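User: Can you walk me through this one? Here it is.
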Amino acid sequence: MARRVLITGISRYLGGKLAQRLEKDPEVESIVGVDLDEPEVDLDRTDFVRADIRNPLIVKVIESAGVDTVVHLSIVTTPTRVGGRTAMKDLNVIGAMQLFAACQKAESVRKLVMKSTTAVYGADHRDPAVFTEADQSRSLPVGLSKDAVEIERYARDFGRRRPDVDVTILRFANFIGPDIETTLTRYFSLPVIPTAMGFDPRIQLVHEDDAMEILLRAVLEPHPGIFNVAADGVVYLSQAVRLVGRPPLPVILPLVTPLAKALRRAGRVDFATDQLRFLLYGRVVDTERMKREFGSVPRLTTRQALEDFVRSRRLRQLISPERAERWEQDVFAFLRRQGRSDVEART
Amino acid sequence: MTAQVVSLEEARMRSEAGRCRAITANGRRCRNRGLGEAGFCRVHLPTRPERIGPFQADTVRSMLELARRRATGDYEVDEFGFDREFTERLIAPLVRPLAERWFRVQWRGLHHVPDEGAGLLVANHAGSVPLDAVVMKFGMLEHHPARRHVRLLAADLAFRMPFSGPLARKIGSTLATHQDAYRLLGKGELLGVFPEGFKGVGKGWKQRYKLQRFGRGGFIEVALRARVPLIPVAIVGSEEAYPMIANAKLLARLGGFPYFPITPTFPWLGPLGLIPFPSKWIIEVGDPIPTDHLPKDAWQDAMLVFEMNDRIRDSIQQMLYRNLMSRGSTFF
């Protein structure tokens, strides 16, 4: 039972939202948020501690607050935000190591919930079509995938050293929704969406609300183990581009990486080069374990989540579904009239 | 007595209002009362469905609706990426003339394929390019009463290359791995495997219709473990579509391909060499070999796997020889 909760990464969307939800629960006595930046949402009774989790001082924070549940959400996915790949790796891996070391020392800790990513599975053409939690990618992990694999390993090691602690690892698919800002949401907001010519990856998303539900329940209830968290259903990137209603820009393979770098430098979309393979081959995960354990099915499918994103952001679409339907009716009516006038001319 | 001046034109228009628009056999306007907005009388009302150009109006409407939904992303794909609508409405009409007119495929033994439930179709593989897999799949869709979709298992070469990868996924095929196979069989899907693999398609003319080694029998293990029937399929005609008379090994190595086929028309005639020869095809489905009567751990019995491998290979080889003889001449 979570009473005293520590959240790392409170300045980000997930952390802030989680704190807000936990504040509403009277059983949760205290909430401490740790991050380098302040939270962006209004928080009532959450204590904010500006700290770097790589600093061993984090032990003091945990012990003094008598924290029993640690929620580790501060995994950086975009290199530029923190000043490059090396800095990102440092923050992610060293940060996790220090945090788990601190948890190991703190006797009060009873539960660890960690945000991981389906990027641990990588993306390769030799991979199984659908990944289950027991699977590994055929390709060597690089970048974010590598960080996530390492961090998970430390979390599992921690779990072995402290068998009295419940460790829950949530491998989230790509988030999408009205409020959250991710590389993918910025990608879909581009005026023209670049794709790799000849490749059409299968994409699976998770709506920000559904992800929050699972996260909240993982924090408040006992659910030890590793879980893929994703929406039902899959869309192709070509299909997603059409659902978003923007024109695609097919780019030949050799130009994909340079274009990604250019977009990164222009500050539009920060796609880590090692994650570009996701745009070639995609990734789909199995969520049976999540459904069995949490007894719930995500409310929105991948397609519905994407449609909600498009609707809420009021993206200017080239062809909206309504306009397309009107065109269909107009064209049919026009052709019909042509057909009839031909009959008339003949009679 | 008053005289009313009535213009001739007005009188004509009034009498014509509500009249049928058709012209009768002696070339005059029909004088029956018109019905509805079409403006024809009961005699001349077109009973044929409304046409727009060469198409029926309903067909045009459904084509427009399809175009709209595809353009706005309003369609469903399964977790493997199988796009049923794309396969049935966009690709099948392209394969149909190839199979029916060019190859004149004759199907035999289709009743051996169950109407529903999982199964593993095992076929011979030939012809430099896996055209036989495509013809088999779309032929099954076309001619089987339950219009079953065969989920083809392909080599990773298909998924590595641009354009072929997504296309293969969209028509329902996936990587030939145990994991994907089990998952699909668990959902009651009908799988199609070609155990000869590259050795089969890259055989060469001299080895035509001689089945190559069937690998280690991995597909048998899958069928035994999933307890689904093994259904042999013999495809005659694929060898002559792209008869491989030589293999340009250097070009193959340069491109990262297992072989580079040289046919009588390729690469000499350039892109024209890509047109397959119009051989006559016969695809026969043999008696299924059931597996659900065997013990649950039968898949671990190496001798049993070996034996079943031989059995199914023989079955296909026999069907091939029989159909080759009954086919008579190759192209006509």
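Analyst: Before the surface figure, the method: accessible areas come from Shrake-Rupley with a 1.4 Å probe, and for residues only the protein chains shown count as cover. This is a predicted model, where local features need pLDDT of at least 70, side-chain atom pairs need 80 or more, and totals for chains, interfaces and linings use all residues. Residues are numbered from 1 along each chain as its sequence is written, and side-chain values use heavy atoms, without hydrogens or water.

User: So what is the accessible surface of chain A?
Analyst: About 15,400 Å². Carbon and sulfur atoms hold 51% of that.

User: And how much of chain A is buried?
Analyst: 55% of its 347 residues. Buried means under 20% relative accessible area.

User: How many helices and strands in chain A?
Analyst: 13 helices and 13 strands. Both are DSSP runs numbered from the N terminus: helices are H or I, at least four residues, and strands are E, at least two.

User: Which strands form the open sheet?
Analyst: Seven strands of chain A, in the order 3-2-1-4-5-6-11, with parallel pairing. Strands pair if DSSP finds at least two bridges between them. The edges are strand 3 (46-50) and strand 11 (225-229) of chain A, each pairing on one side only.

User: How many bridges join strand 4 to strand 5 of chain A?
Analyst: Four, between residues 69-72 and 111-117, running parallel. Thr69(A) stands opposite Lys111(A) in strand 5.

User: Switching topic: what box do the C-alpha atoms of chain A fill?
Analyst: Roughly 95 × 45 × 35 Å, along the principal axes.

Technical notes. Chains lettered and ligands numbered in written order. Buried < 20%, exposed > 50% of the residue type's maximum accessible area, 1.4 Å probe, protein only.
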